[in-house]
Amino acid sequence: MQKTFMKYTFLIITSAIFLILIIHFRFSENMLEEQQYGTFYAKTEQMIHTLETNQEELQQLNESLDEDYLTRARAAAYVLDREGGSSMDVWQMQYLARLLNVDELHVIDENGIIVSGSISKYVGIDMDDHEQTRAFLTLLESGDNAYLIQEAQPNAAENRIMKYVGVARKRRRGIVQVGFKPTRQMEAISRNTYDYIFSRFPTDIGEELFVVDASTGEVLGHSDGMGKDFHEDCYQLEQLNDCEGGAYIKGEEGETMYVVSRKYEDVLLCALLPQSILFRRIWKHILAISAYLFFVEAAVMLLLNYLVKQKVIDGIHHIIGNLTSITNGNFDTIVKVGGNREFEELSTGINTMVKSIVNLSDRISAIIEISGIPLAAFEYERGMNHVFTTSGLGELLDIPAAKAAKLYKNSTLFGQYMREVTEEPIEGEEDIFQINEGKYVRIHMSKSEEGYLGIVTDTTKDMLQKRQMQYENTHDALTGLCKFGYFKQLAEGILHKLPHGEVCAFVMLDLDYFKPINDTFGHDAGDRYLQGFSGIMQSMPEEHFLCARRSGDEFCMMIYGCEDKAGILGYLDMFYKELGETDICLSDTESRKISASAGFVWTDDAKGNVSELLSHADEALYEMKKDTKGYYVEYQLKNHPDC
């Protein structure tokens, strides 16, 4: 048995080592790829930073030199105007050019002909003969302060790279032009070339950096120089576009390359490393790990052989089996392992611990019952089926006994049930949930790495009192209608959620002849009259009417959910029809129908102001009671005297 055990143990450990090596190889490969990607990304980031820095320096240099060149051109024009214009000979123009520190100086007359200059062979050139010179002729038609700063380009006479600046003359029609050899700009431009950039970034063994035109696929620069031969079938533009996160592609002579590309403006910045070089690093690491693992395997085999000789495996397996049974909720399992003193002490300790755990929930339940507090608690751990609960949990959560017994034996079902119970808390309350029609509980659950711990308390009394207080604060005691402040709050919410294409109306109402009823029949009859009127308001469809008592015999309504004004009028007619059919008993001998006047305003603007709309409705009510009573009238916007 020992030999068989050791044989299979050796096979398992050896297989595990090879599996570890394979996993480690894959992990190392991914790690090295990520490291190489990070290296390439950092280099392309430095390249981009260098390009942007050089471009910024070039722009600043151009702006600085342009301003300096323009100043010199204006100084030349000033001197020439003072000296009589175009009367200077070549020697004098050269002398003036040296004083102004310019390379060329020309005077162009009103016909666009160079009539004087520091270079004699340029004299007589017609500026209109060439595109480069023709651009300056626009200055002849411009104002005195007109100027033109031309970018460095080959000039018309000798195809030399020059930068020209021209200004319009003030005292006569003509142009003064100065020219400069753009040495500093060309040097700055040369620093912004890819060859210069690559020279700043030394590459590792086998590593290559290159730039490709993102639209044509043309190689614009390479770390080994432009003599590097790129074959189109090896580095297709489509392939390079797919390498932004790092990828392997076939390189020259069929060698696989790890390539990272990065899009910058209209080019692709690319870096590559042969896969063989990348994997060479991995194999060195794998060989070292293999040596350590096989050394550890030998040590483990010797240790396991010793443990088998001491007959420990059977005892451990027995204890593990008992613990597994206990973990699954079988707390009546008795752990009994003999053979040595340590196993017997371990078995006794486990049995004592399990018994203490089983009795713990009973003790807690007894303490809670003595306290008289409607409280229950539960706890379950991951991997355990059994749920520890106090005795009152099923009653608090209104769980039938049979269902509770089933839930307590399966932590998965219990957890699912608790998630269903706590899915929708009471609005505006924290951790309070409604169990049934008249029962509310507070459930506080604490989650940890081991499992869940929860406490459940009965909050029914507090919730009912709170809701009663809330109702009394928001509703009129006599009529049961909303108080005016609460009505405005609800109405504002309905108005701001008004769907597109629907309209609503705000109605202000006042009972007619209410004071004589109070004076004649008493306040009890007046209260019955008010209650009768509010009863009719409450009988209207609640999905279209929001009603409130404002004060005394004043009421208000909001009619909503209507497609147009006709719908609003229909509901108002329904309300007044009900008024006309209802008699209120004022005394043993007399009853009357309710008479009320109303003013309303309607709107389809969800952003409207409730207070302003109610004010308009109140104005309409005032007009109604001034002219007649007993019906409703719509608010009409009056023209202001200043309009």
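Leaving aside residues up to four places away in sequence, Ser534 touches Thr479 and Leu481, where a contact means heavy atoms within 4.5 Å. Keep in mind that this is a predicted model, so local features need pLDDT of at least 70 and side-chain atom pairs count only at pLDDT 80 or more, while totals for chains, interfaces and linings use all residues. Numbering runs from 1 along each chain as its sequence is written, and side-chain values use heavy atoms, with hydrogens and water left out.

Ser534 sits in helix 16 (residues 523-539); helices here are DSSP runs of H or I with at least four residues, strands are E runs of at least two, and both are numbered from the N terminus. With a relative accessible area of 1%, Ser534 is buried. Buried means under 20% relative accessible area, exposed means over 50%, and partly exposed is what lies in between (1.4 Å probe, protein chains only).

Now zoom out for a moment. The secondary structure of the chain comes to 18 helices and 24 strands, and 40% of its 643 residues count as buried. Among contacts with a separation of 6 or more, 57% are between residues 24 or more positions apart. The chain exposes about 37,000 Å², of which carbon and sulfur atoms supply 53%; accessible areas come from the Shrake-Rupley method with a 1.4 Å probe, and for residues only the protein chains shown count as cover.

Back to the helices. An α-helix has 3.6 residues a turn, so residues three or four places apart point the same way. Just after helix 15, Gly522 takes a positive phi of about 100°.

Helix 14 (residues 484-496) has 13 residues and reaches 18 Å from its first C-alpha to its last, close to the 18 Å expected at 1.5 Å a residue; the expected span is 1.5 Å times one less than the number of residues. Its buried residues are Phe484, Phe487, Ala491 and Leu495. Seen down the axis of helix 14, these fall within an arc of 65°, so they too line one face. The face of helix 14 turned away from that buried side carries the exposed residues Gly485 and Gln489. What covers the buried residues of helix 14 includes strand 17 (482-483), strand 18 (503-511), strand 19 (545-551), strand 20 (554-562), strand 23 (596-603) and helix 18 (610-627).

Several of those names turn up again in a sheet. Six strands form an open sheet in the order 17-19-20-18-23-24, with mixed pairing; two strands pair if DSSP finds at least two bridges between them. Strand 17 and strand 24 (632-634) are the edge strands, each pairing on one side only. Strand 18 and strand 23 pair in the antiparallel sense over eight bridges, and the bridge partner of Leu509 in strand 23 is Ala598.

Eight of the nine residues of strand 10 (residues 256-264) are buried, so strand 10 is largely enclosed by the rest of the structure. Strand 9 (residues 247-250) runs antiparallel to strand 10, joined by four bridges, and Ile249 has Met257 in strand 10 as its bridge partner. Strand 10 is also antiparallel to strand 11 (residues 267-274), this time over eight bridges, with Tyr264 opposite Val267 in strand 11. Strands 10 and 11 form a hairpin with two residues between them, and Glu265 in the turn has a positive phi of about 55°.

What about the cysteines? With a disulfide taken as a pair of cysteine sulfur atoms within 2.5 Å, the count comes to zero. Cys243 is in no disulfide, and the nearest cysteine sulfur, that of Cys270, is 7.5 Å away. Cys243 counts as buried at 1% relative accessibility, whereas Cys585 counts as partly exposed at 45%.

One last stop is Leu346, in helix 9 (residues 341-371). Leu346 is partly exposed, with a relative accessible area of 40%. The C-alpha atoms of Leu346 and Ile319 are separated by 8.8 Å, and the two residues are 27 apart along the chain.

Notes
Arc of directions from axis to C-beta.
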